[in-house]
Amino acid sequence: MAQIKTVGVLGAGLMGHGIAQVSADAGFEVVLREVDEEHLTKGLGRIEKQLSRAVEKGRIEQSGADALRGRIAGTTQYGELADCDLVIEAITENLPLKLEMWREVDEIVKPDALFATNTSSLPVINQAAVTNRAERFFGLHFFNPAQVMKLVEVVKCVTTSDEALAAGVAFAKQLGKLTVQTKDKAGFIVNRLLVPYMLDAIRAYEEGVGSIEEIDAAMKAGAAHPMGPLTLADFVGLDTLGSICDVMFDEFRERRFAQPPTLRKLLAAGWYGKKSGKGFYEYRGEEPVANPGI
Ligand SMILES: NC(=O)c1ccc[n+]([C@@H]2O[C@H](COP(=O)([O-])OP(=O)(O)OC[C@H]3O[C@@H](n4cnc5c(N)ncnc54)[C@H](O)[C@@H]3O)[C@@H](O)[C@H]2O)c1
């Protein structure tokens with residue numbers, strides 16, 4: 001299998017910008033593609049902000065930050081991905097969108113390149129099957145923030161060759177990540193366990209077991225979690241969480257994966273969590289405050 005030198009990343013949102021940054025940090029050349037200049041500038045801006053913070057804190061030299069940033073080329077054109085050795089998608093969690101994107105990208109990118117999806121919940125095989133390289137397609141599931149979180153779930157779908165899977169594992173290890181291989185089942189390992197937990201926290205709130213702050217404070221202090229489940233839902237993005245629930249409910253037909261009414265209401269209001277400034281909390285001032293509108 002050809003050596004990976006250039007990595008294409010699709011989507012510069014919450015996950016894509018982080019995957020681009022860790023890949024460039026590990027020395028790979030990166031081509032980062034977004035739908036338009038506005039989204040691209042926002043994603044690149046996030047990377048630049050984190051690099052300046054790292055320089056300020058003395059974690060990296062200015063020259064190192066410049067070199068890392070220099071390895072990331074932003075684009076809105078699929079054509080720029082043509083010579084990539086590995087393409088990782090981190091676009092919106094929506095199967096029709098992902099399929100439309102892969103059909104186009106598969107025509108452009110060199111035939112021996114590897115393809116990977118960062119999907120949180122969609123079965124990998126559905127995406128692999130629309131490409132002409134289903135044996136070189138696998139899941140690389142990073143966690144948020146990708147710059148910090150150690151784990152990458154590597155997902156083998158029924159068509160993935162052992163060689164391609166090994167290349168995926170080796171790539172994630174080169175990024176300094178811990179890899180765990182999982183089967184191609186909606187939610188893989190982490191979301192299979194974590195999503196029902198976040199949904200139960202929302203149901204506990206609906207039943208009046210505790211307030212938003214009380215539920216979060218209890219799980220932080222009582223279970224030594226770094227953040228409470230409702231803060232975590234806001235960080236994941238409530239739109240992404242809603243899509244994951246729908247995929248998992250569709251797959252397993254179990255109530256524990258169904259969207260609770262409060263989540264539906266927040267989504268209908270356009271409150272997607274931290275990234276939109278409002279979710280279970282409002283993120284306007286120094287400290288988040290529980291959203292009084294819920
Ligand atoms: N949010 C999380 O905690 C998390 C964790 C792991 C995996 N994921 C998965 O990563 C993927 C992205 O999630 P996110 O949270 O970064 O979403 P996001 O909404 O923050 O970002 C998605 C980005 O994709 C862009 N996009 C849409 N179509 C595109 C295309 N054809 N080409 C290039 N860019 C395109 C959008 O403009 C948007 O900026 C989803 O599949 C999600 O399930 C999310």
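Modeller: A nonpolar core is a set of buried Ala, Val, Leu, Ile, Met, Phe, Trp, Tyr and Cys residues joined through C-beta atoms within 7 Å. A residue is called buried if 20 or more other C-beta atoms lie within 10 Å of its own, exposed if 12 or fewer do, and partly exposed in between, with the C-beta atoms placed from the backbone. The structure above is a predicted model, in which local features need pLDDT of at least 70 and side-chain atom pairs count only at pLDDT 80 or more, while totals for chains, interfaces and linings use all residues. Residues are numbered from 1 along each chain as its sequence is written.

Colleague: Which residues touch the most other members of the largest nonpolar core?

Modeller: That core holds 53 residues, and Val-87 and Phe-138 touch the most other members. Its largest share, five residues, comes from helix α6 (residues 162-174), where helices (H or I, at least four residues) and strands (E, at least two) are DSSP runs numbered from the N terminus. Apart from this core lies another, of 28 residues, which includes Ala-233, Leu-238, Met-248 and Tyr-272.

Colleague: What does Val-87 touch?

Modeller: Two residues are in contact if their C-beta atoms, placed from the backbone, lie within 7 Å. Not counting residues up to four places away in sequence, Val-87 touches Gly-8, Leu-10, Leu-81, Val-105, Val-109, Ala-113 and Phe-115.

Colleague: How should I read a helix, and which residues of α4 are buried?

Modeller: An α-helix has 3.6 residues a turn, so residues three or four places apart point the same way. In α4, the buried residues are Lys-98, Met-101, Trp-102 and Val-105. Seen down the axis of α4, its buried residues fall within an arc of 105° and so line one face of the helix, the arc being that of the directions from the helix axis to the C-beta atoms. On the other side of α4, Pro-96, Arg-103, Glu-104 and Glu-107 are exposed. The buried residues of α4 pack against β1 (6-10), β4 (86-89) and α5 (124-128).

Colleague: In what order do the strands of the open sheet lie?

Modeller: Two strands pair if DSSP finds at least two bridges between them. Here eight strands form an open sheet with mixed pairing, in the order β3-β2-β1-β4-β5-β6-β7-β8. At its edges stand β3 (72-75) and β8 (178-183), each with a single partner strand, so one side of each is left without a neighbour in the sheet.

Colleague: Which pairs run parallel or antiparallel, for β1 with β2, for β6 with β7 and for β7 with β8?

Modeller: β1 and strand β2 (residues 29-33) run parallel and are joined by five bridges, and the bridge partner of Gly-8 in β2 is Val-31. Strand β6 (residues 137-141) and strand β7 (residues 151-156) pair in the antiparallel sense over three bridges, with Glu-153 in β7 as the bridge partner of His-141. Six bridges join β7 to β8, and these two run parallel; in β8, the bridge partner of Lys-156 is Lys-183.

Colleague: Is Leu-51 buried or exposed?

Modeller: Leu-51, which has its place in helix α2 (residues 37-56), counts as buried because 21 C-beta neighbours lie inside 10 Å. Leaving aside neighbours within four places in sequence, Leu-51 is in contact with Ala-65, Leu-68 and Arg-69.

Colleague: And what does Glu-206 contact?

Modeller: Glu-206 lies in helix α7 (residues 190-206) and counts as partly exposed, with 13 C-beta neighbours inside 10 Å. Leaving aside neighbours within four places in sequence, Glu-206 is in contact with Pro-260, Pro-261 and Thr-262.
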